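Subject: Structure handover

Hello,

The structure we discussed is below. My notes on it follow.

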Amino acid sequence: MLYAMDLRSLEYFVAVAEERSFTRAAQRCYVTQPTISAQMQALERELGEPLFDRAQRSVTLTDGGRLLLPYALECLRAVNDAKAEFSARTGLLRGELRIGTGGGVEHTTVPMILGELRKKYPGIDIDVTEATSTPLLEMVLQGHLHAAVIARPNDDLPAAISAAPMFDEQIVAVFDSDVYPDPGSVVSLEHVAALPTITYPRTSALRGRIEAAADSTGIPIHVHYAANDVRLQLAFATQGLGVALCAASDPALEDTHLTVRALTPAIRFEKIMVWRNDIPTSAPLRAFFDLWKIMRMTAEEDAAAPLG
């Protein structure tokens with residue numbers, strides 16, 4: 001059977017799936033609810049099975065709907081990228097830049113580059129996804145994201161992935177000194193290993209870095225509480241539940257009343273930008289890279305300039 005589903009039907013389908021409401025989907029797509037409903041009924045007839053369970057208060061996907069969703073999203077992303085490519089050929093760059101981050105980029109050039117990108121190309125919409133490093137890398141591989149800033153994993157990156165360094169970072173220990181006595185300017189990993197530990201989940205590359213460093217001391221760390229949000233880690237530490245091991249640059253540490261100490265041996269890691277090298281780089285991502293290159297060159301020139 002040949003299907004004649006069009007992009008508009010897929011757009012409406014994704015809107016209903018994400019909004020879980022025909023009414024909100026119609027508002028999002030600037031059409032009437034009967035238009036959305038009629039289009040979805042036609043799509044269901046064409047595919048031969050229902051895509052939505054309409055029996056509940058909120059609309060949910062059937063097995064068929066869940067099967068269709070990733071294909072629909074991929075089609076719409078491909079169309080957006082194609083439109084961006086042709087708009088770039090006319091000199092009027094439009095489209096969407098889908099970028100991911102695991103956090104810790106607030107004080108880097110990334111927000112500045114994104115801001116400059118939006119100013120220079122107001123037709124580019126920027127969609128930022130926050131997650132841990134492992135899912136972000138997978139989303140780049142699957143084409144859901146154009147690029148992502150992740151902690152460099154312990155294992156080699158896939159062959160289809162290119163990477164460029166962003167910045168170096170280190171892990172620090174954070175705790176309530178009223179509960180756990182302050183050992184001084186630094187905290188040994190052996191000392192931390194003897195206490196309840198709060199840190200990132202296993203999907204975070206930082207968790208792997210921490211565990212590898214602990215294993216090298218011969219005293220592995222046992223994580224009692226895992227959360228990717230450092231604010232939640234600090235909330236656990238405030239309750240005296242353990243010692244948090246988190247990235248030193250996380251903004252949550254700026255206003256904390258907790259004690260923050262360096263670790264010995266130090267646990268350092270690298271943040272990198274990753275993107276696919278087996279497909280053409282999208283026009284919005286090329287524009288991002290151009291601005292990034294300019295900022296890096298400017299920073300190098302400023303660093304090389306004589307003082308005074």
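The chain has 10 helices and 12 strands; these are DSSP runs numbered from the N terminus, with helices being H or I of at least four residues and strands being E of at least two. This is a predicted model, in which local features need pLDDT of at least 70 and side-chain atom pairs count only at pLDDT 80 or more, while totals for chains, interfaces and linings use all residues. Residues are numbered from 1 along each chain as its sequence is written, and side-chain values use heavy atoms, with hydrogens and water left out.

Overall figures

The C-alpha trace spans about 70 × 55 × 35 Å along its principal axes. Of the 308 residues in the chain, 40% are buried. Buried means under 20% relative accessible area, exposed means over 50%, and partly exposed is in between (1.4 Å probe, protein chains only). Taking contacts in the chain with a separation of 6 or more, 73% are between residues 24 or more positions apart; a contact is a pair with heavy atoms within 4.5 Å.

The axes of H2 (residues 22-29) and H3 (residues 33-47) come within 8 Å and cross at roughly 105°. H2 is therefore roughly perpendicular to H3. Axes here are lines fitted to C-alpha atoms, for helices over the stretch in contact, and angles run from 0 to 180 degrees between N-to-C directions. Angles under 35 degrees count as roughly parallel, over 145 as roughly antiparallel, 65 to 115 as roughly perpendicular, and the rest as oblique. On the H2 side the contact involves Phe22, Thr23, Ala25, Ala26 and Cys29, and on the H3 side Gln33, Ile36, Ser37 and Met40. By class, this contact of H2 with H3 has six nonpolar, three polar and no charged residues. The classes are: Ala, Val, Leu, Ile, Met, Phe, Trp, Tyr, Cys and Pro as nonpolar; Asp, Glu, Lys and Arg as charged; and the others, Gly among them, as polar.

H3 also meets H1: the axes of H1 and H3 come within 10 Å and cross at roughly 110°, so these two helices are roughly perpendicular as well. H1 contributes Arg8, Ser9, Tyr12, Phe13 and Val16, and H3 contributes Thr35, Ile36, Gln39, Met40 and Leu43. The contact of H1 with H3 divides into six nonpolar residues, three polar and one charged.

Salt bridges

How many salt bridges does a search of the whole structure find? There are 14, where a salt bridge is a side-chain nitrogen of Lys or Arg within 4 Å of a carboxyl oxygen of Asp or Glu. Three of them are described here.

- Glu18 pairs with Arg28, with the closest N and O atoms 2.7 Å apart. Glu18 is in helix H1 (residues 7-19) and Arg28 in helix H2, 10 residues apart. Both ends are partly exposed, Glu18 at 47% relative accessible area and Arg28 at 36%. A network of salt bridges links Glu18, Glu19, Arg24 and Arg28.
- Arg152 pairs with Glu270, again with 2.7 Å between the closest N and O atoms. This pair links distant parts of the chain, 118 residues apart: Arg152 is in the loop between strand E5 (147-151) and strand E6 (161-175), and Glu270 is in strand E12 (residues 268-276). Arg152 is partly exposed, at 27% relative accessibility.
- Lys119 and Glu116 meet at 3.8 Å, N to O. They are three residues apart in helix H5 (residues 110-120), so about one helical turn separates them. Lys119 is exposed at 66%, whereas Glu116 is partly exposed at 33%.

Cysteines

The structure holds zero disulfides, a disulfide being a pair of cysteine sulfur atoms within 2.5 Å. For Cys29, the closest cysteine sulfur is in Cys75, 16 Å away, which is too far for a bond. Cys29 is buried at 13% relative accessibility, and Cys246 is buried at 0%.

Two single residues

Thr101 lies in strand E3 (residues 95-101) and is buried, at 10% relative accessibility. Leaving aside neighbours within four places in sequence, Thr101 is in contact with Val128, Thr129, Glu130, Ala131, Leu136 and Val149.

Gly218 sits in the loop between helix H8 (205-217) and strand E9 (223-226) and is exposed, at 58% relative accessibility. The C-alpha atoms of Gly218 and Gln170 are separated by 20 Å, and the two residues are 48 apart along the chain.

Regards
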